Amino acid sequence: PHRSYDLWEELFMTSTYTTSISYFTMKSAIEVSRYFDVKFDDSPIRNAMHSIEKNYYKLFNEQKQWFVRGLGENGDNFEAGNVLDISSLYGMAVYGPAKIDDTTVFATGVAVAEYLRNKGRSGGVLRYQKDYYMLTDSKYPGNP
């Protein structure tokens, strides 16, 4: 998908979450049109879906072993950010195109448990690494 603001409305990028929800929306549109027997040329939608299926691995950081927050534009190239974001795990696990039992989804889940879990008394999960939203104490991150 084209760049837009991420789920947290902080960064303008091609986010992993937006890629997942776009994929799911296209897939659902085709399913609904079939259910209601609506005839139309769905090839542009299918082509876009296949493009996402072929390229979503670019959103996975092999070294870090997690889906990144998204891709930022650097001139004519896109460079992957290294930031772990809970919305990336949620998007890929719920909306695809990665399957729930894919090793990339599992690895991202392990990383979320290790790096985003709030170890403070309130518990919870941070939105992304170094998320200072609702920070209450320098020892424990906010936004549980």
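A residue counts as buried when its relative accessible area is under 20%. In this predicted model, Arg127 comes in at 13% relative accessibility, so Arg127 is buried. Its side chain still finds a partner: Arg127 and Glu10 meet in a salt bridge, at 3.5 Å from N to O. Glu10 sits in the loop between β1 (4–5) and β2 (12–15), while Arg127 belongs to the segment after α4 (103–115), so the pair ties together parts that are 117 residues apart in sequence. Glu10, for its part, is partly exposed at 37%.

A search of the whole structure turns up 7 salt bridges. One of them joins Asp37 and Lys39 at 2.7 Å, N to O; Asp37 is exposed at 51% relative accessibility, and Lys39 is exposed too, at 69%. Asp42 pairs with Arg46, with the closest N and O atoms 3.2 Å apart. Here Asp42 is buried at 18%, whereas Arg46 is partly exposed at 25%.

Then there is the helix packing. Helix α1 (residues 16–35) packs against helix α3 (residues 86–95) at an angle of about 15 degrees, the axes being 8 Å apart. The two helices are therefore roughly parallel, and α1 passes α3 in a left-handed crossing. On the α1 side, the contact draws on Thr16, Tyr17, Ser20, Ile21, Tyr23 and Phe24, and α3 brings Ser87, Ser88, Tyr90, Gly91, Met92 and Tyr95.

Technical notes: Residues are numbered from 1 along each chain as its sequence is written. This is a predicted model: local features need pLDDT of at least 70, side-chain atom pairs count only at pLDDT 80 or more; totals for chains, interfaces and linings use all residues. Side-chain values use heavy atoms; hydrogens and water are left out. Axes are lines fitted to C-alpha atoms, for helices over the stretch in contact, and angles run from 0 to 180 degrees between N-to-C directions. Helices (H or I, at least four residues) and strands (E, at least two) are DSSP runs, numbered from the N terminus. Angles under 35 degrees count as roughly parallel, over 145 as roughly antiparallel, 65 to 115 as roughly perpendicular and the rest as oblique. A crossing is left-handed if the near helix is turned anticlockwise from the far one by less than a right angle, and right-handed if clockwise. Contact means heavy atoms within 4.5 Å. A salt bridge is a side-chain nitrogen of Lys or Arg within 4 Å of a carboxyl oxygen of Asp or Glu. Buried means under 20% relative accessible area, exposed over 50%, partly exposed in between (1.4 Å probe, protein chains only).
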